[in-house]
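Welcome! Let us take a walk through this structure together, one stop at a time.

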Amino acid sequence: MAGGDRRESLNLRVPPDVKRQVEEYARGAGISLNAAACVLLADALRRERRRQR
């Protein structure tokens with residue numbers, strides 16, 4: 001389901017603004033919501049690890 005298919009939903013309990021960010025990223029990147037959530041989470045984890053060093 002590329003591009004945030006209307007039938008797809010983000011099955012995470014997250015604040016509405018986070019959900020919007022994931023949906024916008026998915027739409028812009030042409031990937032699924034789940035893939036977008038994984039990409040954004042991995043990026044945030046990398047940044048956090050760098051910050052802690």
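We start at Gln21, which lies in helix 1; helices here are DSSP runs of H or I with at least four residues, numbered from the N terminus. Gln21 counts as partly exposed, at 49% relative accessibility, where buried means under 20% relative accessible area, exposed over 50%, and partly exposed in between, with a 1.4 Å probe and protein chains only. Between Gln21 and Leu40 there are 9.4 Å in space, C-alpha to C-alpha, and the two are 19 residues apart in sequence.

A note on the model: it is predicted, so local features need pLDDT of at least 70 and side-chain atom pairs count only at pLDDT 80 or more, while totals for chains, interfaces and linings use all residues. Residues are numbered from 1 along each chain as its sequence is written, and side-chain values use heavy atoms, leaving out hydrogens and water.

Now look inside. The largest nonpolar core has six residues: Leu10, Val22, Ala26, Leu33, Ala36 and Ala37.

Finally, turn to helix 2 (residues 33-52), where Arg49 lies. Arg49 is partly exposed too, with a relative accessible area of 46%.

Key: Helices (H or I, at least four residues) and strands (E, at least two) are DSSP runs, numbered from the N terminus. A nonpolar core is a set of buried Ala, Val, Leu, Ile, Met, Phe, Trp, Tyr and Cys residues joined through side-chain atoms within 4.5 Å.
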